[in-house]
Amino acid sequence: MPRSRPDAPAAADPVGELVDRLERAVVASPRRRAEIAREVEGDLREAVAARVAGGSAAPVAAAAVVAEFGDPRAIAAELSRELLAGHGRRFSPLAALGAIVLLVAWFAGMTSLAAVPGFGVPLEAGWMLQVSRALDVAGPFVAAAALAGWFALRRADSLAALVAVAGLQLGFTVALVAGAIAMVGAAAVPPAGMGVLVALVAVTLLVGSAIAAAAAALLVRWGAVRLAPRRALAR
C-alpha cells in the first residue's frame with residue numbers, strides 16, 4: 001500500500017514513491033514484499049540522511065538517492081528472479097526426497113500386496129499395469145532430475161532447471177495419485193491386504209498431493225515473474 005506521510009504529500013517523498021513502486025512490482029508473498037520494502041526504504045533513508053549530514057538539502061539528497069537507485073521495475077524483476085530461484089533451491093531436494101519416498105512406498109506396498117492370496121488386477125484394468133511399469137521407470141528419473149536441477153540452481157540460479165523440475169514432479173505425482181485412486185476402485189484386494197492398500201494410498205495422497213501443489217505453485221509463480229515486466233510496460 002502507498003505510504004502516507006503526515007508531514008508532506010506523497011509527491012514530495014521520492015523515496016516513499018520509489019519503495020511503493022518496487023513493492024508492487026516484486027513477485028513474492030505479501031509478507032516477503034513488505035520485508036523487502038522495509039529493508040530498501042531503511043537503506044535509502046540512511047543514504048539520504050548521510051547526504052543531508054554532508055550539507056545537502058533534504059529534497060536534493062532524496063532525489064539524488066532515488067536517481068542512483070535505478071529503475072525500480074528492473075530491480076524488482078531481478079529480485080523476483082532471485083527469490084524464485086531461492087524457492088527452487090529449497091523445493092528441488094525436498095521433491096527428490098518425496099519422489100524417493102513414493103517409489104519406496106509403492107515398491108514395498110505392491111510387493112506386500114502381490115504376496116496376499118487373491119490379490120489381482122482385472123483384465124479390463126490391465127492399463128494399470130502398463131502405467132505402473134512406466135512410473136517405475138519414470139520415478140528414478142524424476143528424482144535424479146530434481147537433484148540435477150538443485151545443482152543447476154545452486155550454481156547458476158537456472159530458472160529453466162526450476163521449470164523442468166517442477167513440471168516433471170507435477171506430472172509424476174499427479175499420475176501416481178490418480179493411479180492410487182484408480183487402484184482402490186479397480187483392484188481385487190482381499191481383507192488381508194486392505195491395511196497395506198490403505199497405507200499405500202494414504203502415503204501417496206499425502207506426499208504426492210503436497211509435491212504436486214508445491215510444483216504447481218512454483219510454475220504459477222514462474223509465469224508471474226515472466227509476465228511482470230510486460231504488465232509493467234502496459235501500464
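**Figure 1. Asp-13 in the segment before H1.** Asp-13 is located in the segment that precedes H1 of this predicted model, in which local features require pLDDT of at least 70, side-chain atom pairs count only at pLDDT 80 or more, and totals for chains, interfaces and linings use all residues. Residues are numbered from 1 along each chain as its sequence is written, and side-chain values use heavy atoms, with hydrogens and water left out. Helices (H or I, at least four residues) and strands (E, at least two) are DSSP runs, numbered from the N terminus. With a relative accessibility of 11%, Asp-13 counts as buried; buried means under 20% relative accessible area, exposed over 50%, and partly exposed in between (1.4 Å probe, protein chains only). Asp-13 and Pro-59 are separated by 46 residues in sequence, and their C-alpha atoms are 8.2 Å apart in space.

**Figure 2. The salt bridge of Glu-41 with Arg-45.** A salt bridge is defined as a side-chain nitrogen of Lys or Arg within 4 Å of a carboxyl oxygen of Asp or Glu; by this rule, the structure contains 8 salt bridges. In the bridge between Glu-41 and Arg-45, the closest N and O atoms are 3.0 Å apart. Both residues belong to helix H2 (residues 30–53), where they are 4 residues apart, about one turn of the helix. Glu-41 is buried, at a relative accessible area of 12%, whereas Arg-45 is partly exposed, at 32%.

**Figure 3. The salt bridge of Asp-157 with Arg-89.** The side chains of Asp-157 and Arg-89 form a salt bridge with an N to O distance of 2.3 Å. Asp-157 lies in the loop between helix H5 (127–156) and helix H6 (159–186), and Arg-89 in helix H4 (residues 72–114), so the bridge ties together parts that are 68 residues apart in sequence. Asp-157 is partly exposed, with a relative accessible area of 34%, and Arg-89 is also partly exposed, at 29% relative accessibility. Salt bridges with shared partners join Asp-13, Glu-41 and Arg-45 into one network. The backbone at Asp-157 has a positive phi of about 50°, although this residue is not a glycine.

**Figure 4. The salt bridge of Asp-71 with Arg-73.** An N to O distance of 3.7 Å is found for the salt bridge in which the side chains of Asp-71 and Arg-73 meet. Asp-71 has a relative accessible area of 35% and is partly exposed. Arg-73 is likewise partly exposed, with a relative accessible area of 40%.

**Figure 5. The contact of helix H1 with helix H3.** The axes of H1 (residues 14–25) and H3 (residues 58–69) come within 9 Å and cross at roughly 25°. This makes H1 roughly parallel to H3. Axes are lines fitted to C-alpha atoms, for helices over the stretch in contact, and angles run from 0 to 180 degrees between N-to-C directions. Angles under 35 degrees count as roughly parallel, over 145 as roughly antiparallel, 65 to 115 as roughly perpendicular, and the rest as oblique. On the H1 side, Pro-14, Val-15, Leu-18 and Leu-22 meet Ala-62, Ala-63, Val-66 and Phe-69 of H3, where contact means heavy atoms within 4.5 Å. The residues of this contact comprise 8 nonpolar, no polar and no charged. Here Ala, Val, Leu, Ile, Met, Phe, Trp, Tyr, Cys and Pro count as nonpolar, Asp, Glu, Lys and Arg as charged, and the others, Gly among them, as polar.

**Figure 6. The aromatic pair of Trp-150 and Phe-151.** The ring centres of Trp-150 and Phe-151 are 5.0 Å apart and the planes stand at 50°, so the pair is tilted. Rings of Phe, Tyr and Trp (its six-membered ring) pair if their centres lie within 6.5 Å, with planes under 30 degrees apart counted as stacked, over 60 as edge-to-face, and the rest as tilted. Trp-150 is partly exposed, at a relative accessible area of 23%, and Phe-151 is partly exposed, at 47%.

**Figure 7. Ala-114 in helix H4.** Ala-114 counts as exposed, at 58% relative accessibility. The C-alpha atoms of Ala-114 and Gly-193 are separated by 9.1 Å, while the two residues are 79 residues apart along the chain.
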